[in-house]
Amino acid sequence: MNNAIYSMFLDAKQKKDIIKMKELYLNNKKNKIIAFEYAKLLLYKGKIDEAQKILLSILEEEKNIYAILELGKIETRKRNYSKAREYFKRLLNTKNKYRALFELAKLELNEKNYIEARKYLFEILKDKKDLYAYFELGKLESICENYDKARSYFNRILKEKNDSYTKLELGKLEFKCGNIEEARKIFTELLNEQNRDYAMFELSRLEGTCGNVNKQREYLEELLNTKIAPSVNVELGIIE
């Protein structure tokens with residue numbers, strides 16, 4: 001890739017300019033770096049089938065572990081779980097091993113294969129401390145009603161970083177356990193953080209459980225113009 005093309009490539013990648021990246025791809029089809037980044041931009045824009053076609057064309061010419069990973073994720077999105085597993089397992093002896101294990105764990109968690117999901121997450125943690133693995137283990141143990149284990153995983157993350165997603169899951173766990181004041185405290189703190197809307201939604205549910213219908217409605221009405229409006233409307237329909 002000459003300097004001029006490389007400069008245009010970096011600019012298109014940084015700006016997520018799919019038109020410019022497509023032009024570069026069509027004029028440099030043999031360049032697998034450009035092809036891969038164009039496929040990723042297509043995925044970003046929701047054009048899954050187009051991206052898949054390009055990634056498969058890359059694999060026809062070389063074993064590209066990054067293309068394999070993205071193809072596995074595409075098959076997961078399409079709910080072709082057997083095919084997704086095949087792609088991810090091809091990566092277990094490569095430098096993308098941990099990413100593949102993580103994707104396999106998420107896949108099995110979605111499929112409610114909790115023993116398999118737990119196995120993959122523990123495999124990651126055998127070799128390194130991974131906060132994402134702890135997060136998924138926390139969610140898994142919460143689903144399995146192993147609340148003390150789940151809480152320990154979430155708190156392990158929060159000792160390392162102030163993560164709003166982990167706080168939200170911890171709040172939901174405390175709510176499920178009946179620790180209302182602790183859950184309310186966590187959700188209230190999140191009203192000033194990244195997951196504000198989701199925290200407010202959980203607060204509305206909490207207040208409804210406590211019989212504070214007016215407070216519940218107040219929270220829900222504040223969320224009517226957010227991306228979680230469909231869920232909000234369902235909750236409002238229940239209390240009307």
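**Salt bridges in the helical chain**

Mentor: The chain has 15 helices and zero strands; helices (H or I, at least four residues) and strands (E, at least two) are DSSP runs, numbered from the N terminus. This is a predicted model, in which local features need pLDDT of at least 70 and side-chain atom pairs count only at pLDDT 80 or more, while totals for chains, interfaces and linings use all residues. Residues are numbered from 1 along each chain as its sequence is written, and side-chain values use heavy atoms, with hydrogens and water left out.

Of the 240 residues, 45% count as buried. Buried means under 20% relative accessible area, exposed over 50%, and partly exposed in between (1.4 Å probe, protein chains only).

Now to the part you asked about. Side chains of opposite charge can pair when their charged atoms come close. The structure holds 28 salt bridges, each being a side-chain nitrogen of Lys or Arg within 4 Å of a carboxyl oxygen of Asp or Glu.

Start with glutamate 108 and arginine 85, whose closest N and O atoms are 2.7 Å apart. Glutamate 108 belongs to helix 7 (residues 97-110) and arginine 85 to helix 6 (residues 81-89), so this bridge ties together parts 23 residues apart in sequence. Glutamate 108 is buried, at a relative accessible area of 4%. Arginine 85 is buried too, at 17%.

A second bridge joins the side chains of lysine 129 and glutamate 160, at 3.0 Å from N to O. Lysine 129 sits in the loop between helix 8 (114-127) and helix 9, and glutamate 160 in helix 10, so the parts tied together are 31 residues apart in sequence. Here lysine 129 is exposed, with a relative accessible area of 56%, and glutamate 160 is partly exposed, at 46% relative accessibility.

Lysine 215 and glutamate 218 form a salt bridge with their closest N and O atoms 3.5 Å apart. They are three residues apart in helix 14 (residues 213-222), and therefore separated by about one helical turn. Lysine 215 is partly exposed, with a relative accessible area of 32%, and glutamate 218 also counts as partly exposed, at 44% relative accessibility.

Some bridges share partners: Lys97, Glu123, Lys126 and Asp127 are joined in this way into one network.
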